[in-house]
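Subject: Structure handover

Hello,

Here is the structure I said I would pass on. Please have it open while you read the notes under it.

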Amino acid sequence: MAVNLAKGQKVDLTKSNPGLTKVIVGLGWDTNKYDGGKDFDLDATAFCLNENGKVSSDADFMFYNNPSNSNNSIVLSGDNRTGEGAGDDETVKIDLANIPADINKIAFCITIHEAQERNQNFGQVANSYVRVVSEVSGEELIRYDLGEDYSVETAVVVGELYRHGAEWKFSAVGSGFQDGLAGLCRDFGVSI
């Protein structure tokens with residue numbers, strides 16, 4: 001049975017699931033009905049962060065044009081441009097045992113593509129969530145539903161997987177940004 005988290009909560013992942021090495025992080029959302037005349041395109045991104053909370057190189061930033069890290073231990077599923085249908089809109093496959101040792105944390109984010117140009121924000125997005133699923137069993141282990149707390153934000157750090165000694169833990173972050181993907185990149189040290 002999945003552990004449902006609230007904003008700010010942390011839970012161990014590998015300690016309570018011995019032998020777990022491969023997980024899928026699923027991200028999902030729905031867009032509210034509105035008459036803005038433009039389609040919504042939300043994107044999942046992942047930032048592999050070192051002990052300083054920054055990427056070691058731009059290659060540690062995974063998005064639709066760079067879907068995997070250098071050793072393919074973290075791979076994005078691709079770009080769902082509509083968010084239509086039930087279930088995960090985009091996923092990230094993670095091989096925990098093979099993540100390079102210099103990566104201490106993986107931040108998972110959802111951004112709105114061309115949010116400024118399309119006059120869109122997370123106030124127009126509903127049912128956003130992040131979940132962690134065992135790739136082997138398909139069992140949902142952790143879920144965090146973001147709620148409707150965002151009105152002007154164009155990017156959200158939804159959660160983080162991080163090392164704690166020899167174990168991996170998950171943190172429900174839910175931190176919004178008004179500067180979209182560019183703001184996240186600046187904060188995490190990606191050259192833009």
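The notes below cover the sheet, the helix packed on it, and the aromatic side chains. Please keep in mind that this is a predicted model.

The sheet

An open sheet is formed by 6 strands, in the order β2-β12-β11-β8-β4-β5, with antiparallel pairing. The edge positions belong to β2 (10-12) and β5 (61-62); each has a single partner strand, so one side of each is left without a neighbour in the sheet. For β2, the link to β12 (residues 167-177) consists of 3 bridges, and the two strands run antiparallel. Within that pairing, lysine 10 is placed opposite serine 171 of β12.

The helix on the sheet

Helix α2 (residues 180-188) packs on this sheet and touches β4 (42-49), β5, β8 (105-112), β11 (155-164) and β12. The direction of α2 makes about 5° with that of β4. Five residue names to look for in α2 are Gly180, Gly183, Leu184, Cys185 and Phe188, which are buried. Their cover includes β4, β5, β8, β11 and β12. After α2 comes glycine 189, with a positive phi near 85°.

The aromatic side chains

The count of aromatic pairs comes to 4. In one of them, phenylalanine 47 and phenylalanine 61 have ring centres 4.7 Å apart and planes at 15°; planes under 30 degrees apart count as stacked, so this pair is stacked. Phenylalanine 47 belongs to strand β4 and phenylalanine 61 to strand β5, so the pair ties together parts that are 14 residues apart in sequence. Phenylalanine 47 has 0% relative accessibility and counts as buried. Phenylalanine 61 is buried too, with a relative accessible area of 6%.

Phenylalanine 63 and tyrosine 64 make an edge-to-face pair, with 5.3 Å from centre to centre and 70° between the planes. Buried or exposed, where does phenylalanine 63 fall? At 18% relative accessibility it counts as buried, because the cut-off for buried is under 20%. Tyrosine 64, with a relative accessible area of 33%, is partly exposed.

Phe47, Phe61, Phe63, Tyr64 and Phe188 form one aromatic cluster. Phe188 of helix α2 is also among the buried residues listed above, and β4 and β5 are among the strands that α2 touches.

One further item concerns a charge and a ring: arginine 143 lies over the face of tyrosine 129, at 4.2 Å from the ring centre.

Regards

Conventions:
Residues numbered from 1 in each chain as written. Predicted model: local features only at pLDDT ≥ 70, side-chain atom pairs only at ≥ 80, totals over all residues. Heavy atoms only, no water. Pairing = 2+ DSSP bridges. Helix = DSSP H or I, 4+ residues; strand = E, 2+ residues; numbered from the N terminus. Contact = heavy atoms within 4.5 Å. Axes fitted to C-alpha atoms, helices over the stretch in contact; angles between N-to-C directions. Buried < 20%, exposed > 50% of the residue type's maximum accessible area, 1.4 Å probe, protein only. Phe/Tyr/Trp six-rings, centres within 6.5 Å; stacked < 30°, edge-to-face > 60°. Lys NZ or Arg CZ within 6 Å of the ring centre and 35° of its normal.
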